[in-house]
Amino acid sequence: INSYVPAIPQIKEAALRARRIGLGIMGLGDLFYKLGISYGSLESQVLAEQIMEFVRYHAMNISIHLAKNRGAFPALKGSIYDPTRSNGMSWKPPQRRFADDPQWSSRWERPSIDWGSIEEGIAKHGIRNAAQTTIAPTGTIATVCGCEGYGCEPVFALGYVRHFKDGDKDVELAYTSPLFEEALGKLQGISDQRKEEIRRHVANSGTCQDIPDLPEYIRNTFVVSGDLTADQHVEMQAALQTFVDNSLSKTI
């Protein structure tokens, strides 16, 4: 399908031998805003891990189904998916970083997953794609789709000025997070004048963490990139990478 592949024969051969694809996610930060979950918290890491496990499981399930009908990727022999190796197939289902604690296991009502069926399917039919998942930057497509968070990133800022070209003109467009605006509009006990002051402050600073009269749950939910520690950024990457077999894009 990719038009660049035939241009260089070696790339075409490598692409068709492995048949890598990269299914992924975008708008993770939006999901946390809507669920009232603080990006970077343990709760957010557990949910992110469950989401990517779900994506990886179903991607592999369909890839096995495609292999049954069309054949496995040509470079299967000798790879981690090869069931004929002397010690058997070396690929094993990814292991969650977080144990199935009752607090989390059914928290979001995710359907059950049977990794044993994936192992059995690969042993019987092989798999169509040498790799199935990645998390791309999704900057432009997320913007087009109305997502506030790109890829697996936290939302960059609750307010900022976007610069773009309109012909020869430089245009500035003030932006405020629609989800924050919605939550702010629903707050009781804060005057309309004070809400407008909060909007202006957020538009200038990008964060709401330094506004003490906002309820704590609002501040905990509407965190942005700069509100997180370096460790929280990395821990979220680790939770997601467990079930990503290519790699994930992280904007620093």
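A residue counts as buried when its relative accessible area is under 20%, as exposed when over 50%, and as partly exposed in between (1.4 Å probe, protein chains only). By that rule, buried residues make up 38% of the 252 residues in the protein chain. The model is predicted, so local features need pLDDT of at least 70 and side-chain atom pairs count only at pLDDT 80 or more, while totals for chains, interfaces and linings use all residues. Residues are numbered from 1 along each chain as its sequence is written, and side-chain values use heavy atoms, with hydrogens and water left out.

The protein chain has ten helices and two strands, where helices are DSSP runs of H or I with at least four residues and strands are runs of E with at least two, numbered from the N terminus. Along the sequence the order is α-α-α-α-α-α-β-β-α-α-α-α. The C-alpha atoms fill a box of roughly 70 × 55 × 30 Å along the principal axes. Of the contacts (heavy atoms within 4.5 Å) between residues at least 6 apart in sequence, 71% join residues at least 24 apart.

One residue can be followed in detail. T133 sits in the loop between α5 (115-125) and α6 (139-145). T133 counts as buried because its relative accessibility is 0%. Leaving aside residues up to four places away in sequence, T133 touches I21, G22, L23, V55, R56, A59, F243, V244, D245, N246 and S247. For F243, the backbone oxygen lies 3.4 Å from a polar atom of the T133 side chain.

Key
Polar contact = N/O pair within 3.5 Å; in protein donor to acceptor, adjacent residues only side chain to side chain.
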